[in-house]
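Please read them with the model open.

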Amino acid sequence: LMDSYYAEMASTLCFHKSTNPSSTLKVVYTAMHGVGTPFAERSFATFGHPPFIGVEAQNTPDPTFPTVAYPNPEEGKGALELSFQAAKDAG
């Protein structure tokens, strides 16, 4: 089911797959202790994008959200502090 889903998304939504690998755009992704990392990785690969910069301390699912006071990205800087640092470190 997942294979067919990703294939469908690539065939209907990916318009520049041949040029995506050469993109110099850097993207930071955090799962914020959720379960999204494998899906985000597969999406980037399916569309031919270079891998994103992951926030390692937040890639593992953990319902206690140990790296943030409040696990809501809409809260802004506090919730995304490690993401901002990863972006800064990546240049």
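Predicted model: local features only at pLDDT ≥ 70, side-chain atom pairs only at ≥ 80, totals over all residues.

1. Numbering starts from 1 along each chain as its sequence is written, and side-chain values use heavy atoms, without hydrogens and water.

2. Helix α1 spans residues 2–13 and helix α2 residues 37–46; their axes come within 10 Å and cross at roughly 45°. Helices here are DSSP runs (H or I, at least four residues), as are strands (E, at least two), numbered from the N terminus. Axes are lines fitted to C-alpha atoms, for helices over the stretch in contact, with angles from 0 to 180 degrees between N-to-C directions. The two helices are therefore oblique to each other, given that angles under 35 degrees count as roughly parallel, over 145 as roughly antiparallel, 65 to 115 as roughly perpendicular and the rest as oblique.

3. On the α1 side, the contact (heavy atoms within 4.5 Å) is made by Met-2, Asp-3, Tyr-6 and Ala-10, and on the α2 side by Phe-39, Arg-42, Ser-43 and Thr-46. These residues divide into 4 nonpolar, 2 polar and 2 charged. In this scheme Ala, Val, Leu, Ile, Met, Phe, Trp, Tyr, Cys and Pro are nonpolar, Asp, Glu, Lys and Arg charged, and the others, Gly among them, polar.

4. The count of aromatic pairs is 3. Rings of Phe, Tyr and Trp (its six-membered ring) pair if their centres lie within 6.5 Å; planes under 30 degrees apart are stacked, over 60 edge-to-face and the rest tilted. Tyr-5 and Tyr-6 form an edge-to-face pair, 5.5 Å centre to centre with 80° between the planes. Tyr-6 is buried at 6% relative accessibility, whereas Tyr-5 is partly exposed at 44%. Buried means under 20% relative accessible area, exposed over 50% and partly exposed in between (1.4 Å probe, protein chains only).

5. Tyr-29 and Phe-52 have ring centres 5.0 Å apart and planes at 55°, so this pair is tilted. The pair links distant parts of the chain, 23 residues apart: Tyr-29 is in strand β1 (residues 28–29), Phe-52 in the loop between α2 and β2 (53–54). Tyr-29 is partly exposed at 22%, and Phe-52 is buried at 13%.

6. Asn-20, in the loop between α1 and β1, is buried with a relative accessible area of 12%. Apart from neighbours within four places in sequence, Asn-20 contacts Cys-14, Phe-47, Gly-48, His-49 and Pro-50.
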